[in-house]
Amino acid sequence: MQFLAPYLEAIMMICFGISWPVAIAKTLRTRNVKGMSLFFLVVVELGYLAGILSKLLGHRDWVVALYLMNYLFVGFEIILYYRYSKLGDSGKSH
């Protein structure tokens, strides 16, 4: 049953990862980060980084690509957070 482990891990990463493109699209569309938690984003980013390092230092397999993809999505969301949080309360530039 050990052969199933990477597939189950991949399913978990895909389930978690589906939310990031949706969140990014919403942030880009609304240009508003109200209600978004920078602390949460950073904690999740650190978690994905730990997963990447775990894969690179331990059991290397293709699932590392999913960790990397989610890491990049969250990193982009953090960039958007800083970009749009500077626009003020409304989230719209004047």
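Student: In which helix does V42 lie?

Tutor: This is a predicted model, in which local features need pLDDT of at least 70, side-chain atom pairs count only at pLDDT 80 or more, and totals for chains, interfaces and linings use all residues. Residues are numbered from 1 along each chain as its sequence is written, and side-chain values use heavy atoms, with hydrogens and water left out. Helices here are DSSP runs of H or I of at least four residues, as strands are runs of E of at least two, numbered from the N terminus. On that basis, V42 belongs to helix α3.

Student: Does V42 count as buried, partly exposed or exposed?

Tutor: Buried means under 20% relative accessible area and exposed over 50%, with partly exposed in between, using a 1.4 Å probe and protein chains only. The relative accessibility of V42 is 36%, and V42 therefore counts as partly exposed.

Student: How far apart are the C-alpha atoms of V42 and V74?

Tutor: Along the chain, V42 and V74 are 32 residues apart.

Student: Which residues is V74 in contact with, leaving aside its neighbours within four places in sequence?

Tutor: Contact means heavy atoms within 4.5 Å. With those neighbours left aside, the residues in contact with V74 are W20, L41, V44, E45 and Y48.

Student: How are α3 and α4 oriented to each other?

Tutor: Axes are lines fitted to C-alpha atoms, for helices over the stretch in contact, and angles run from 0 to 180 degrees between N-to-C directions. The axes of α3 (residues 38-57) and α4 (residues 64-85) come within 9 Å and cross at roughly 155 degrees. Angles under 35 degrees count as roughly parallel, over 145 as roughly antiparallel, 65 to 115 as roughly perpendicular and the rest as oblique. The two helices, α3 and α4, are therefore roughly antiparallel.

Student: How do the residues of the contact of α3 with α4 divide into nonpolar, polar and charged?

Tutor: On the α3 side the residues include L38, L41, V42 and Y48, and on the α4 side they include V64, Y67, V74 and Y81. Ala, Val, Leu, Ile, Met, Phe, Trp, Tyr, Cys and Pro count as nonpolar, Asp, Glu, Lys and Arg as charged, and the others, Gly among them, as polar. The contact of α3 with α4 divides into 16 nonpolar, 3 polar and 3 charged.

Student: How are α2 and α4 oriented to each other?

Tutor: With axes 10 Å apart, α2 and α4 pack at an angle of about 20 degrees. The pair α2 and α4 is therefore roughly parallel.

Student: Which residues of α4 make the contact with α2?

Tutor: From α2, the contact takes in W20, P21, A23, I24, T27 and L28. Facing these from α4 are N70, F73, V74, F76, E77, L80 and Y84.

Student: Where is I79 placed, and does it count as buried or exposed?

Tutor: I79 has its place in helix α4. At 54% relative accessibility, I79 counts as exposed.

Student: What is the phi of R31?

Tutor: R31 is found in the loop between α2 (19-30) and α3, and R31 counts as partly exposed at 39% relative accessibility. Most residues other than glycine have a negative phi. R31, a residue other than glycine, has a positive phi, near 55 degrees.
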